[in-house]
Amino acid sequence: MLDLGFVRTNLALVKEKLALRSAETAALLDSFEPLDTERRAAITEVETLKAQRNALSAQFGQLKREGKDISEIQRQTGSLKDRIAELETAANLADEKLQTILQTIPNLPHDSVAKGSSEDENVVVKTWGDPVQIQDAKPHWEIGESLGILDFERAAKISGARFVVQYGSGARLERALANFMLDLHVREHGYVEVLPPTMVNSRSLFSTGQLPKFAEDLFHCDDKGPYTGEYQDSDHWLIPTAEVPLTNLFRDETIDLSNGNISFCAYTPCYRAEAGSHGRDVRGMIRQHQFQKVELVKFTTPETSYDEHEALTRNAETVLEKLGLPYRRMLLCTGDMGFSSAKTYDLEVWLPGQQTYREISSCSNVESFQARRANIRFKPAGASKSEYVHTLNGSGLAVGRTYLAVLENYQQPDGSVRVPEVLVPYMGGETVLRPQRFGKAVE
RNA sequence: GGAGGGAUGUGUGAGUGGUUGAAACAGGCGGUCUUGAAAACCGCUUUGCCCGAAAGGGCAACGGGGGUUCGAAUCCCUCUCCCUCCGCCA
C-alpha cells in the first residue's frame, strides 16, 4: 500500500509509474483527486463541530460544579449531535472509498526495472551453466513414474488433480533437497530457520497483499464460516507461501535493526488454488495445489534493501549452482511484476525434458509496501521518529520444481537418475535412483 | 466443550464517568558533574489524520465493533485474543 499523502502530492508521478504496469492499473487512480477532496472537506467539517461539542462539554462540567443552569448547553449539544453523526457517515464513506483505491493499487516499479508490458519483455540478466542436451530426454513425470517414485494417479484418487505422491528414494530426495537448502542458508548465508504455522488469518494475508485482490488464488477454511471480505484475526487460510507468516511475524511491531537486518528462512508446504490456470501445466509437478518451498525473507532499512535484494537473489542462485542445475536470472519488466513488488528477479532453471527454462525462484524487494500494510517499523539510529522497514522475499528454492529439475537434468540413458553430489550425504549415500516399487528395488 | 480472570504507550504497570493522551518505574535520547566511565541530578521521550506557507490550532486512538451520556480508558452489549482450572487429545 502506498502512503495517502505521498499519492496526493505526487499524483502525476504515481500515475505515470503505474501506467508502466498497465493502463488499467493507472486508471484505478482516476477518482482519487475528487474523492480525496471530498474526504478532506467532510473531515474538516466534522472536526470543527466536534471541537465545538468538546468545548461545550467542558463548559458543562464547569457550570455543573458551580451549580449553575445547564439547560442551554444541553440544548446546543443536542442539536450538534445529529449533524455530527450525519457528517461523520459521509466522511467515513469517502474515507472507505479512498482506502479501497489505495489498497487495490500495486507497488510502484523501481527505476532500475525494465519497462515492458508482458513477460516477453523480461530481461535476461545472466545465464549460468550450459543447457544440457540429452539424447531422448524425458520429462520428469515419465522419469518419476518409471522409477516408481512419483504417483500422480493415486494422488488424484485420494486428493484430486494437481497433487502427487512420492515414494521411497523419491520421498527422501524431497527431504534431502529441503535439508540441503536449509543448511546452506543457515550455515553459510546467515539466515535464521523458522518453522511457522501454515495456516494464517485474513489480516495477515491483507498485510502481504494477497487480500483483498487475490482471494480466488487461495484456499480458505470455513471453520469460522465463509470469507466475508473483512480482515479478521480469527479465520484460517492455507498459506500460498511462507512469505506470509514470516513477514507477518513483526506485524504491528517496531523492530530493532541497529544490529543489522533480519533474515529468516523456512521450509513449508504452500497451497495454491490455481483458479486461473485451468489447462496449464496439467502434467507433472510444475503446477500443484500443494508444493513445498524453502522461503527467504528479510527485514531491512530502506538504505540497504537493494543491496540485500542482490544478496538474497545470490543466495537462491547458489542453491542451483551447488546442485549443478543450469539457470538464468530474469529481471521482470514493469508489466510482469507481482502486485506488491518494486523489483523482482526470477530464476529460471533449465529443463532438458521440456527443452525450456522454467521459473524456480522469484526474489522481490517490496520496499515499504507490505510494511505499511502490516505496520512494521524500526527506529533509525539517533532519529526520534520510527520509519517503515523494507521487506524482501524470495524462494530459495521451490523444492518441488528443484526436484523435477534434478530428475530431468540428471537422467541417464538407462532410465536411472544420478544424485547430485551435494545431496548424496542427505540421501544416506545413495548415488543413483533406480527403478523401485513402493520403495523396494525391482529389476 | 465448561468455569473464572485479563487485554492500557518501548516494557512493567496505575487508573472505574469531567484539565487522563494517560501516574509511577524501567528503558531510550540530551544535558550537568567527571580525565573518561559509572553513580547522582535535570530535561525530553505514542501514533494517525484535518486546517495552516509557517508558527500554531484541532480531531481521533487505552484489543476490535456497537451502545448509554452533555461528556467514556472508566458503564452496558458483542466479537477476538491471552492466562488459570476442569474435560478431551497428537
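Two strands count as paired if DSSP finds at least two bridges between them. The pairings reported here, like every other value, come from a predicted model.

Strand β12 covers residues 343-351, and nine of its nine residues are buried, so the strand is largely enclosed by the rest of the structure. In a regular strand the side chains alternate between the two faces of the sheet. In β12 both faces are covered: one side carries K343, Y345, L347, V349 and L351, the other T344, D346, E348 and W350, and all of these are buried.

β12 runs antiparallel to strand β11 (residues 327-331), to which five bridges join it. Within this pairing, Y345 of β12 is the bridge partner of L331. β12 also pairs with strand β13 (residues 356-365), again in the antiparallel sense, over nine bridges. Here the bridge partner of W350 is Y357 in β13.

β12 and β13 form a hairpin with four residues between them. Q355 lies in the loop that links these two strands. Its phi is near 50°, a positive value in a residue other than glycine. With a relative accessible area of 45%, Q355 is partly exposed.

## The three-stranded sheet

Strands β8, β14 and β15 form an open sheet of three strands in the order β8-β14-β15, and the pairing is mixed. β8 (253-255) and β15 (387-388) stand at the edges with a single partner strand each, so one side of each has no neighbour in the sheet. Strands of a sheet pair through backbone hydrogen bonds, either parallel or antiparallel. β14 (residues 376-378) pairs with β15 in the antiparallel sense over two bridges. In this pairing F378 stands opposite E387 of β15.

## The surface around RNA strand B

RNA strand B is surrounded by 21 residues, and the closest are R8, T44, E47, F60 and D233. By class, this surface has 12 charged, six polar and three nonpolar residues. Helices α4 (32-66) and α5 (71-104) each supply at least two of its residues. The largest share, 13 residues, comes from α4.

Of the RNA atoms within 4 Å of the protein, 74% belong to sugar or phosphate and the rest to bases. On the phosphate side, an N or O atom in the side chain of R39 is 3.3 Å from a phosphate oxygen of RNA strand B.

Helix α8 (residues 168-187) has 20 residues, which at 1.5 Å a residue should span 28 Å; its end C-alpha atoms are 28 Å apart, in agreement. An α-helix has 3.6 residues a turn, so residues three or four places apart point the same way. The buried residues of α8 include L173, L177, F180 and L184.

Helix α11 (residues 305-323) has 19 residues and reaches 28 Å from its first C-alpha to its last, close to the expected 27 Å. The residue that follows α11 is G324, with a positive phi near 70°.

N201 sits in the loop between β5 (199-200) and α9 (202-207). Its relative accessibility is 15%, and since buried means under 20%, N201 counts as buried. Apart from residues up to four places away in sequence, N201 touches Q232, D233, S234, D235, W237 and R251.

Y271 belongs to strand β9 (residues 262-271). At 17% relative accessibility, Y271 is also counted as buried. Leaving aside neighbours within four places in sequence, its contacts are F219, L238, I239, P240, H289 and Q290.

## Backbone features

Two cis peptide bonds may be noted. One joins L211 and P212, with omega about 5°; P212 lies in the loop between α9 and β6 (220-221). Another joins G396 and L397, with omega about 10°; L397 is in strand β16 (residues 390-398).

D281 has a positive phi near 50° and is not a glycine. Its place is the loop between β9 and β10 (290-300). With a relative accessibility of 22%, D281 counts as partly exposed.

Technical notes:
Residues numbered from 1 in each chain as written. Chains lettered and ligands numbered in written order. Predicted model: local features only at pLDDT ≥ 70, side-chain atom pairs only at ≥ 80, totals over all residues. Heavy atoms only, no water. Near = heavy atom within 4 Å. Polar contact = N/O pair within 3.5 Å; in protein donor to acceptor, adjacent residues only side chain to side chain. Nonpolar A, V, L, I, M, F, W, Y, C, P; charged D, E, K, R; others polar. Buried < 20%, exposed > 50% of the residue type's maximum accessible area, 1.4 Å probe, protein only. Contact = heavy atoms within 4.5 Å. Expected span 1.5 Å × (residues − 1).
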